[in-house]
Amino acid sequence: MKSNNQLKTELSNFKDTFSVLSLDNSSNPSASMYNNSEKAINFDKVKENYFSSFKSCDALMINSSDIVFVEFKNGCLEYTEVQNSKEQEDHRKCTNKNMRLELYLKISESVLILSRISDSLYSDILSKVSFILVYNEVKNPTAKIKNHV
């Protein structure tokens, strides 16, 4: 079992700025959700290097006692029925019925990847992990997020 400091050192070649980690390539033009020069581990790159067929969170932050995964989502996180045709037209671009499942899958597969890299049990890593979801507050009112993530 590798220590957090050993993991941080091993994965240091995968670091990117939060501006890069939060880049939304689906918008036109591409835009970062968080313009910041601080660095974290680009966990998508880690995944590509170790287990390319898995899903993964965008970023990983590690210190001596904490492991934190970060996922950036600029789109809508839940599906809601809309009544009015104008609202439906506006909302159609940001509905996703499977976002909750996708987030759970990204978290669980990210933990699995990290457990394999660290030579640890899945349950041991899971007990140390925190998850931060950074989302577009305009597209996702807080009251709705609390009930679904």
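Student: Why is Phe72 called buried?

Tutor: Good place to start! In this predicted model, Phe72 has a relative accessibility of 9%. Buried means under 20%, so Phe72 counts as buried.

Student: What makes Tyr34 partly exposed?

Tutor: Set the value against the cut-offs again. Tyr34 has 38% relative accessibility. Buried is under 20% and exposed is over 50%, so Tyr34, in between, counts as partly exposed.

Student: And Phe18, is that residue buried or exposed?

Tutor: Phe18 has a relative accessible area of 9%, which is under 20%, so Phe18 is buried.

Student: How many aromatic pairs does a search of the whole structure find?

Tutor: The search finds four. Phe18 and Tyr34 make one of them, with ring centres 5.6 Å apart.

Student: Why is the pair of Phe18 and Tyr34 called edge-to-face?

Tutor: We need two values here. The centres are 5.6 Å apart, and the limit for a pair is within 6.5 Å. The planes stand at 70 degrees, and over 60 counts as edge-to-face, so that is the name this pair gets.

Student: What parts does the pair of Phe18 and Phe72 tie together?

Tutor: This pair is edge-to-face as well, with 6.5 Å from centre to centre and 70 degrees between the planes. Phe18 lies in helix 2 and Phe72 in strand 6, so the pair ties together parts 54 residues apart in sequence. Phe18, Tyr34 and Phe72 form one aromatic cluster.

Student: Let's turn to the strands. How do you know that strand 4 and strand 5 pair?

Tutor: Count the bridges. Strand 4 (residues 39–42) and strand 5 (residues 59–62) have two bridges, in the antiparallel sense. The cut-off is at least two bridges, so these strands pair. Across them, Ile41 stands opposite Leu60.

Student: How many bridges join strand 5 to strand 6?

Tutor: Four bridges do, and these strands run antiparallel. In strand 6 (residues 67–73), Val68 is the bridge partner of Met61. Strand 5 and strand 6 form a hairpin, with four residues between them.

Student: Which residues touch the most other members of the largest nonpolar core?

Tutor: That core has 18 residues, and the ones with the most such partners are Leu11, Ile41, Phe43, Val46, Leu60, Phe69 and Leu114. Two or more residues each come from helix 3 (43–50), strand 5, strand 6 and helix 5 (99–118). Helix 5 gives the largest share, five residues. Another core lies apart from this one, with seven residues, among them Ala40, Ala59, Val68 and Val70. As a general background, nonpolar side chains tend to be buried together in soluble globular proteins.

Student: What is Leu11 in contact with, leaving aside neighbours within four places in sequence?

Tutor: Leu11 is in contact with Ile41, Val46, Tyr50, Leu60, Leu114 and Ile117.

Student: What makes Asp119 exposed?

Tutor: Asp119 has a relative accessible area of 54%. Exposed means over 50%, so Asp119 is exposed. This residue lies in the loop between helix 5 and helix 6. Asp119 also has a positive phi of about 55 degrees, although it is not a glycine. Most residues other than glycine have a negative phi.

Student: Last one: where does pLDDT stay under 50?

Tutor: Over residues 87–93, for which the model has five contacts beyond four places in sequence. Where pLDDT is low, the predicted coordinates should not be read in detail. For the protein, the average pLDDT is 82, and 76% of the residues score at least 70.

Notes. Residues numbered from 1 in each chain as written. Predicted model: local features only at pLDDT ≥ 70, side-chain atom pairs only at ≥ 80, totals over all residues. Heavy atoms only, no water. pLDDT = per-residue confidence, 0-100. Contact = heavy atoms within 4.5 Å. Core = buried A, V, L, I, M, F, W, Y, C linked by side-chain atoms within 4.5 Å. Buried < 20%, exposed > 50% of the residue type's maximum accessible area, 1.4 Å probe, protein only. Phe/Tyr/Trp six-rings, centres within 6.5 Å; stacked < 30°, edge-to-face > 60°.
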